[in-house]
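Visitor: I have a model open on my screen and would like to learn how to read it. Could you walk me through it?

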Amino acid sequence: MALQFTTSYLEDSVTLFRYYKTLADKAMAQVSDEQLAAVLDGEMNSIAVVVKHMAGNMRSRWTDFLTADGEKPDRDRDAEFTTPPATRDALLATWEEGWRALFGALEPLSEADTSRTVKIRGEDHSVMQAINRQIAHYAYHVGQIVFLAKHLKASDWRSLSVPRGQSAAFTERVQSGRASQR
């Protein structure tokens, strides 16, 4: 599907969030249950831990987005980096819950809302700044998920973007409207 041209900040933001979610979903679909919990070394997080952290962040940031501080008092961020849910199904349920909170908060907003003020850890942010902060944060972690999945799958990895040696064909599909860069 071709990129949908828009000048709407909110529409484009929601599209970006959906794009990053899709990348992570497709990466996680390629790995085994065991690989979801694999770590490369003692300082690395597994895919499952990154997912648990992202879901905790989403729940905190997007629940009561316009009316409550984005760092909820009941959030235990440090615990997000410990034992993840025991099964793929439980992990994905947590993941989906986080995304439901995000889209439930963003989809009703109007462009006028982007200049409203929200707080994150007591600091004032415009709604636009808060959204940008989370786009950057989630893109960072989705990159980790994709990197780990690609590493773990090695030669069995199925590319999520432009496969090596296929740039010209991909560009032709984008230019003809049969593909999108997102």
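Predicted model: local features only at pLDDT ≥ 70, side-chain atom pairs only at ≥ 80, totals over all residues.

Visitor: Why roll a probe at all?

Guide: Rolling a probe the size of a water molecule over the atoms shows where empty space is left. Here, searching the whole structure turns up one cavity of 30 Å³ or more. The largest cavity holds about 50 Å³ of space.

Visitor: Which residues line the largest cavity?

Guide: Its lining consists of Arg61, Trp62, Phe65, Ala68, Gly70, Val118, Lys119, Ile120, Ala130 and Gln134. Two or more of the lining residues come from each of α3, β1 (117-120) and α5. The most come from β1, which gives three residues. Sorted by class, the lining has six nonpolar, two polar and two charged residues.

Visitor: What kinds of residues make up the contact of α1 with α5?

Guide: On the α1 side, look for Leu16, Phe17 and Tyr20 among others, and on the α5 side for residues including Ile135, Tyr138 and Val142. This contact divides into 18 nonpolar, four polar and one charged residue.

Visitor: At what angle do α3 and α5 pack?

Guide: Helix α3 (residues 47-62) packs against α5 at about 165 degrees, and their axes are 10 Å apart. The two are therefore roughly antiparallel to each other. Here too the crossing is left-handed, as α3 passes α5. The contact includes Val50, Met54 and Trp62 of α3, along with His137, His141 and Leu148 of α5. Its residues divide into 13 nonpolar, six polar and two charged. Trp62 is also one of the residues lining the largest cavity.

Visitor: And how far apart are the axes of α1 and helix α4?

Guide: The axes of α1 and α4 (residues 88-106) are 11 Å apart, with a packing angle of about 175 degrees. So α1 and α4 are roughly antiparallel to each other. Among the residues in contact are Arg18, Lys21 and Asp25 of α1, and Arg88, Trp95 and Glu96 of α4. By class, this contact has eleven nonpolar, no polar and five charged residues.

Notes:
Residues numbered from 1 in each chain as written. Heavy atoms only, no water. Contact = heavy atoms within 4.5 Å. Helix = DSSP H or I, 4+ residues; strand = E, 2+ residues; numbered from the N terminus. Nonpolar A, V, L, I, M, F, W, Y, C, P; charged D, E, K, R; others polar. Axes fitted to C-alpha atoms, helices over the stretch in contact; angles between N-to-C directions. Parallel < 35°, antiparallel > 145°, perpendicular 65-115°, else oblique. Left-handed = near helix turned anticlockwise from the far one by under 90°. 1 Å grid on protein atoms, 1.4 Å probe; cavity = no way out; pocket = protein on both sides within 12 Å on 5 of 7 lines; lining within 4 Å. Points joined across faces, edges and corners; volume = space filled by probe spheres on them.
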